[in-house]
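Subject: Structure handover

Hello,

Here is the structure I promised to pass on. Please open it first, then read the notes below it.

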Amino acid sequence: PVSRCCLAEALKEIGDFLSKYGESIYNTRGGVWDSNWGGTTFTDKAIYVHVLRMPADGKIVLPSVSKKAISAKYMSNNQKISFQQTGNEIILNSIKFSVSEPDAIVKITLK
């Protein structure tokens, strides 16, 4: 069994994560999942890319959506990420993964 102190610590970490990144979880739907790097959640206005493992080439390729992607930023610090959108895909370039975060989350804002 898990000790009370470990459980309390884990629940605090989950609470801290959700207070900072809850918009990427709450009121979203599951999206593309790629076991090589992580997965996505989405709403009508955004795609949230949850990077669990660093892609070897630093790029993440997602299927394109019918809306225009207008920005891509890390949620942790609002740093912009270079991206391209074609008719078939959205490509995020130069993805960086910080071991201090359990999940590097990129928010792609849609118009």
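H50 is buried, because its relative accessibility is 7% and the cut-off for buried is under 20%. Bear in mind that this is a predicted model. H50 sits in strand β3, which covers residues 46-51. The side chain of H50 makes a polar contact of 2.7 Å with the side chain of D103. What else is H50 in contact with, leaving aside its neighbours within four places in sequence? The list includes S24 and I25, then W37, G38, G39, T40 and T41. D103, A104 and I105 are also on it.

Next, the sheets.

β3 belongs to an open sheet of 5 strands, in the order β1-β2-β3-β8-β5. The pairing in this sheet is antiparallel. Its edges are β1 (29-34) and β5 (69-74). Each of these has a single partner strand, so one side of each has no neighbour in the sheet. From one strand to the next, the twist averages 20 degrees. Look at the β1 end for a worked example. β1 pairs with β2 (residues 38-42) in the antiparallel sense, over 4 bridges. G30 has T41 of β2 as its bridge partner. T41 is also one of the contacts of H50.

There is also an open sheet of 3 strands, ordered β4-β7-β6. Here too the pairing is antiparallel. β4 (60-63) and β6 (83-85) are the edge strands, each pairing on one side only. The twist in this sheet averages 15 degrees from one strand to the next. β4 pairs with β7 (residues 89-92) in the antiparallel sense, over 4 bridges. Two positions show how they line up. V61 has I91 of β7 as its bridge partner, and I60 stands opposite L92 in β7.

Last, the salt bridges. The count comes to 3.

- K12 and D16: the closest N and O atoms are 2.8 Å apart. Both residues lie in helix α1 (residues 4-21), and they are separated by about one helical turn because they are 4 residues apart. K12 counts as exposed, at 52% relative accessibility. D16 is partly exposed, at 39%.

- K107 and E23: their side chains meet at 2.9 Å, N to O. This pair links distant parts of the chain, 84 residues apart. K107 is in strand β8 (residues 104-110), while E23 is in the loop between α1 and β1. K107 is partly exposed, with a relative accessible area of 27%. E23 is partly exposed too, at 41%.

- D44 and R29: the closest N and O atoms are 3.3 Å apart. D44 lies in the loop between β2 and β3, and R29 lies in strand β1, so the pair ties together parts that are 15 residues apart in sequence. R29 counts as partly exposed, at 41% relative accessibility.

Then follow the strand order β1-β2-β3-β8-β5. After that, turn to β4-β7-β6. Finish with the salt bridge between K12 and D16.

Best wishes

How values were computed
Residues numbered from 1 in each chain as written. Predicted model: local features only at pLDDT ≥ 70, side-chain atom pairs only at ≥ 80, totals over all residues. Heavy atoms only, no water. Pairing = 2+ DSSP bridges. Helix = DSSP H or I, 4+ residues; strand = E, 2+ residues; numbered from the N terminus. Axes fitted to C-alpha atoms, helices over the stretch in contact; angles between N-to-C directions. Buried < 20%, exposed > 50% of the residue type's maximum accessible area, 1.4 Å probe, protein only. Polar contact = N/O pair within 3.5 Å; in protein donor to acceptor, adjacent residues only side chain to side chain. Contact = heavy atoms within 4.5 Å. Salt bridge = Lys/Arg side-chain N within 4 Å of Asp/Glu carboxyl O.
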